Amino acid sequence: MQMAALPLSEQMILTLAALILFTSFLLLAQTRIVTLIHTFAWQGALLFFATVLVAIVSGRHHLLISAGLTLALKVFFIPWQLRRLVVRLDIRRDVETVGSSSLIMIGAGALVLFSYYVALPIRELSMLSTRNTIAISLAVILIGMLMIITRRKAVAQVIGFMSMENGLMFAAVSATYGMPMVVELGVAFDVLVAAILFGVFFFQIRNGIGSLNVDHLNRLNEVD
Amino acid sequence: MNGWALAVIQAGLLAFGAPFLAGWVKWVKCKLQCRQGPSPWQPYRNLSKLFRKDIVISEQASPVFRMAPYLVFSVTALAGSVMPFVAIGLPTSAIADVIVLVGFFALARFFLALAGMDVGTAFGGMGSSREMTISSLAEPAILMAVFTLAMTVSSTNLASMISHLLVEPFQLYPSFIFAGMGLLLVTVAETGRIPVDNPATHLELTMIHEAMILEYSGRHLALMEWAAMLKLMIYGVLIANLFIPWGIALELTPLALAIGLVAITGKLAVLGVVLAVAETSLAKMRFFRVPQFLGLAFILCLLGMLSHVILEVR
């Protein structure tokens, strides 16, 4: 067991990585919209703590800016915006039935194993002590994708998309100590604009098909 | 010789402390709900009253029905005797490892379910079938948690697991956090606490443990109830000593043993308060939601194992 060789702060980063993966599983299993948004905010908060820890441990202070962006956007602004939308669309009490949820969970477990095997050779290239988290962040991305596939409602799909972005951010932070500042700012504004656009989009979908269930889009006809 | 005497004393303490833990949880719960509540010693009075009472047995009861209380209690007590409670390094801890411990519980549950079905009342059969449903889902989760811990400390023997954790310098294992949470959920399901079963109810269609022992009376009922309390105690000690091992006596000196006793009492008292708070704030869930609950426990234990493989081994 070589884990003892790591300082406590890096063990903390590894623990936060595991917790981020756990919130991904929670997002996948959660059926209530408001709790889903809260879980997403928690994932952002964990990502914020991990980024701050990495920034302090590695001494790269530009990561603090990206941590601040994470805190402002993913913990406060986007969950607040989504919550407001949910209230305005009046779907606060909606419970989404996820078909065969245990099968999906087992699928997510298999995705984690898959990303572990995919990340094994990449792990050898990195010299950082947090390189083991590459597999975790890849798994978070894949689970976000699985969430987009399995969910019917547009709001849940948007949250899956955002959690994919969380996974990307975490991969960048833990594997290479962050992307260049320009890229990070770009991604942050991308997410911001996406969140606002999705809001407009929700209303358009609902006006168009009378529901947020995107399955109805499969059966669009010009005339009935 | 000294070790064996200590082991017997320790097993006795575990068995005779179990009703107090059950009473303590009930007392804290009553205080949280602004009720007077029976004193924590009430389970002792109940048990001694039941031991003094006569037994009434149905004419249709087979010998299994008479045998089951003694079997269930003695198997549970045997499981309790191998637990490192106050000290580790006692000779009894070599008898069985965690997997055998799970096996002991399975054996006790088998006879409990048989006894529930034996007399042929509707309640008994219903309780048995529910108990078996829950246990078939809880057992994989608990074994997964055990394997996660065993992979980290490379042993399945409880005493050597705990001493390994104490001797090594402190590390933050992500896998332990998940295995601990999973084990907590499994404990709630296995000991029949509130989101899964209601220990306070006595006549309700949804009861599980009470339904199986509904036909028992007198000393048989006392043994069955004592075994259930003992099971809660064993799970409590398992969680307290595996995940917060500090304080347990490593040597068999009087001072170390006294510290160990105080430490485990404190840990169990805190765990009891946590259980009482959880029971007060949660509502009992529908029986068909229990598989989801235990699925969460299994996923937690699986994540523990995955994070051990991915994050801790390099």
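Helices here are DSSP runs of H or I, at least four residues long, and they are numbered from the N terminus.

Some housekeeping. This is a predicted model, where local features need pLDDT of at least 70, side-chain atom pairs count only at pLDDT 80 or more, and totals for chains, interfaces and linings use all residues. Residues are numbered from 1 along each chain as its sequence is written, while chains are lettered from A and ligands numbered from 1 in the order in which they are written.

Back to B:Phe123. B:Phe123 touches B:Ala211 and B:Leu214, leaving out residues up to four places away in sequence. Contact means C-beta atoms, placed from the backbone, within 7 Å. B:Glu210 is 87 residues from B:Phe123 in sequence, yet 9.1 Å away in space, C-alpha to C-alpha.

Compare a phenylalanine in chain A. A:Phe198 sits in helix H7 of chain A, residues 181-209. A:Phe198 is buried, because 21 other C-beta atoms lie within 10 Å. A:Val158 is 40 residues away along the chain, and the two C-alpha atoms are separated by 7.6 Å.

Now the meeting of the chains. How many residues of chain A are in contact with chain B? There are 21, and they contact 17 residues of chain B. On the chain A side, helix H1 (8-29), helix H4 (101-125) and helix H5 (133-150) each supply at least two residues. H1(A) gives the largest share, 10 residues. By class, that side has 15 nonpolar, six polar and no charged residues. Nonpolar means Ala, Val, Leu, Ile, Met, Phe, Trp, Tyr, Cys and Pro; charged means Asp, Glu, Lys and Arg; the others, Gly among them, are polar. A:Leu21 contacts B:Leu303, and also A:Ile136, A:Ala139 and A:Val140, leaving aside neighbours within four places in sequence.

Next, a helix pair. In chain A, the axes of H3 (residues 62-89) and H6 (residues 154-176) come within 12 Å and cross at roughly 175°. So H3(A) is roughly antiparallel to H6(A), a label for angles over 145 degrees. Axes are lines fitted to C-alpha atoms, for helices over the stretch in contact, and angles run from 0 to 180 degrees between N-to-C directions. Among the residues that meet are A:Leu63 and A:Ile78 in H3(A), and A:Val155 and A:Met169 in H6(A). The contact holds eight nonpolar residues, two polar and one charged.

Two lengths to check. Helix H2 of chain A, residues 33-58, has 26 residues and should span 38 Å at 1.5 Å a residue; its end C-alpha atoms are 37 Å apart, which agrees. The expected span is 1.5 Å times one less than the number of residues. Just after H2(A), A:Gly59 takes a positive phi of about 75°. Helix H11 of chain B, residues 290-312, should span 33 Å with its 23 residues; its end C-alpha atoms are 32 Å apart, which agrees. H11(B) is mostly covered, with 17 of its 23 residues buried.

Definitions and conventions
Contact = placed C-beta atoms within 7 Å. Parallel < 35°, antiparallel > 145°, perpendicular 65-115°, else oblique. Buried ≥ 20, exposed ≤ 12 C-beta atoms within 10 Å, placed from the backbone.
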